[in-house]
Amino acid sequence: MEATSSKAESTLQKSSLDVHAESNKRQYKSTSDTVILSADTESSQDGDSDEGTTPGMDDFSGLSPYEKKRLKNISENANFFASLQLSESAARLREMIKKRQPPESKRKKPKKKENGTGCRRSMRLLKVDPSGVSLPATPTQPILVADENPLLPPGPLEMTSENRDDNSELFKGFLQTWAEVSKTRSKNTEKALSSIKSYKANLNGMIISEDTVYKVTKGPIFSVALHPSEIRTLVAAGARSGQVGLWDLTHQPKEDGVYIFQPHSQPVSCLYFSPANPAHLLSLSYDGTLRCGDFSRAVFEEVYRDEGSSFSSFDFLAEDASTLIVGHWDGSMSLVDRRTPGTSCEKLINSSLSKIRTVHVHPVHRQYFITAGLRDIHIYDARCLKPSRSQPLISLTEHTKSIASAYFSPLTGNRVVTTCADCKLRIFDSSCISSKIPLLTTIRHNTITGRWLTRFQAVWDPKQEDCIIVGSMAHPRRVEIFHERGKWVHSFLGGECLASVCSINAMHPTRYILAGGNSSGRIHVFMN
């Protein structure tokens with residue numbers, strides 16, 4: 001019975017596959033083989049079949065109902081797979097995929113426009129001049145470029161104007177005016193310290209206008225000085241280029257009142273009118289020279305020269321301006337006596353500072369002077385200076401960053417104001433010069449000027465020694481005045497006339513006139 005069932009089952013499978021093969025021989029060969037394989041596997045499990053005989057389709061009578069149903073399901077499944085036409089669909093999909101495959105992308109280079117405007121190229125690289133003519137070939141031998149700032153020859157230099165004709169009557173009249181005004185002295189009457197209320201009232205009357213702003217030098221201004229004359233307003237400015245500009249504001253038009261000279265080859269770091277003879281303007285430069293401009297003789301005399309050094313600041317040790325103390329950038333100091341012949345110093349002193357930025361003499365006890373170094377401030381006694389390393393009397397070490405300046409108050413010297421890069425202005429009590437000078441006040445003020453602006457230096461008002469003047473980074477641009485106790489006193493605002501930072505400022509010793517210099521060589525003057 002088992003053999004007969006397996007034979008009939010095999011016969012039914014073959015017959016159904018034959019019918020299917022006739023309708024779709026190519027597409028469904030794998031499906032038929034699967035059915036046959038499964039049938040053969042089942043028959044092999046039931047028993048051995050007769051390989052030599054082929055059962056007919058009529059041999060279903062001996063099958064059980066379960067086997068008949070099973071054969072029927074196999075047949076229906078084969079017909080179902082045949083109706084799906086999977087092979088044809090797969091073939092169509094393969095053809096569609098082949099057609100949709102994009103070709104290898106190749107970036108097309110943009111076509112050059114023959115008549116269009118191309119990208120801009122440097123004429124220097126193309127080796128042509130602005131007119132389109134080819135430049136000559138570069139020589140193989142290197143060309144030695146001369147120093148941009150060569151040292152000026154030693155000895156006196158004539159006052160040769162850089163911006164006007166030296167032989168004109170106007171220039172001669174200009175020098176004569178400066179010489180004659182310097183002969184006029186104001187009475188040395190000691191004035192009592194004004195109250196803050198009256199001081200503020202005078203400051204409020206100071207204004208700036210287009211007529212009191214002018215470009216006096218080429219490049220940033222490093223120093224400013226106001227002539228002590230009470231009848232004319234005369235301003236001197238020292239520039240980074242080594243120029244010294246003189247401006248007579250009383251002269252109109254203002255263009256005719258400005259004369260520029262070149263007594264130095266490097267920045268002019270310090271300017272002072274001589275307290276004994278205001279016709280003398282002393283200028284100190286990085287180039288290692290100290291000169292005295294004499295307006296009566298129209299010459300810049302050489303007072304001190306040291307080509308191996310670079311000078312930073314100086315001040316008068318004697319009231320008659322006969323002796324001076326000069327600070328060097330390398331930390332050394334020089335004692336200069338103008339009465340001795342020659343241009344050398346009397347004594348060269350090595351200090352304990354690695355750098356000296358400012359030097360200032362006590363206004364009453366002139367044997368004392370203060371120096372601002374990189375981080376420390378020292379007070380020395382000029383009578384105890386030695387060529388070897390001199391020890392200071394007092395050292396101020398409260399500063400945490402680079403120091404820009406240190407100055408005694410102008411009338412009594414009882415206060416010291418310092419400017420530091422830690423955005424603080426400090427006021428010290430120097431009324432008693434002992435082993436320690438106490439700190440009185442700390443004023444928060446932005447002193448970060450960056451590399452393109454001259455560093456701020458807070459200075460005292462020579463008329464009001466309890467008030468200091470300092471530039472500001474605030475907007476709108478201004479110059480500010482603070483009291484020694486830290487209170488704000490006044491701000492000089494100029495609107496469109498004051499559109500830049502005035503780093504260096506100077507106040508007239510007797511009149512209410514303020515002159516400020518900026519990084520473009522302009523002088524801004526506030527006056528009442």
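Predicted model: local features only at pLDDT ≥ 70, side-chain atom pairs only at ≥ 80, totals over all residues.
Let me begin with helix 3, which covers residues 65–84. Helix 3 has 20 residues, and from its first C-alpha to its last it reaches 29 Å, which is close to the 28 Å expected at 1.5 Å a residue. Within this helix, L71, I74, A78 and A82 are buried. If you look down the axis of helix 3, its buried residues fall within an arc of 70°, so they line one face of the helix. On the face turned away from that buried side you will find the exposed residues P65, Y66, K69, K72 and S83.

Next, the surface patch. F80, F81, L84 and L86 form a nonpolar patch, and together they have about 380 Å² of accessible area. Helix 3 gives the most to this patch, with three residues. L84, which is found in helix 3, counts as partly exposed because its relative accessibility is 37%, and partly exposed lies between the cut-offs of under 20% for buried and over 50% for exposed.

Finally, the sheet, which is open and has five strands in the order 1-10-9-8-7, with antiparallel pairing. Strand 1 (157–158) and strand 7 (268–273) stand at the edges, and each has a single partner strand, so one side of each is left without a neighbour in the sheet. Strand 1 is joined by two bridges to strand 10, residues 299–305, and the two run antiparallel. There, L157 stands opposite F300 in strand 10.

Technical notes: Residues numbered from 1 in each chain as written. Heavy atoms only, no water. Patch = residues over 30% accessible without salt bridge, like charges linked within 9 Å, V, L, I, M, F, W, Y side chains within 5 Å. Areas by Shrake-Rupley, 256 points an atom, 1.4 Å probe, with all protein chains shown as cover. Salt bridge = Lys/Arg side-chain N within 4 Å of Asp/Glu carboxyl O. Helix = DSSP H or I, 4+ residues; strand = E, 2+ residues; numbered from the N terminus. Buried < 20%, exposed > 50% of the residue type's maximum accessible area, 1.4 Å probe, protein only. Pairing = 2+ DSSP bridges. Expected span 1.5 Å × (residues − 1). Arc of directions from axis to C-beta.
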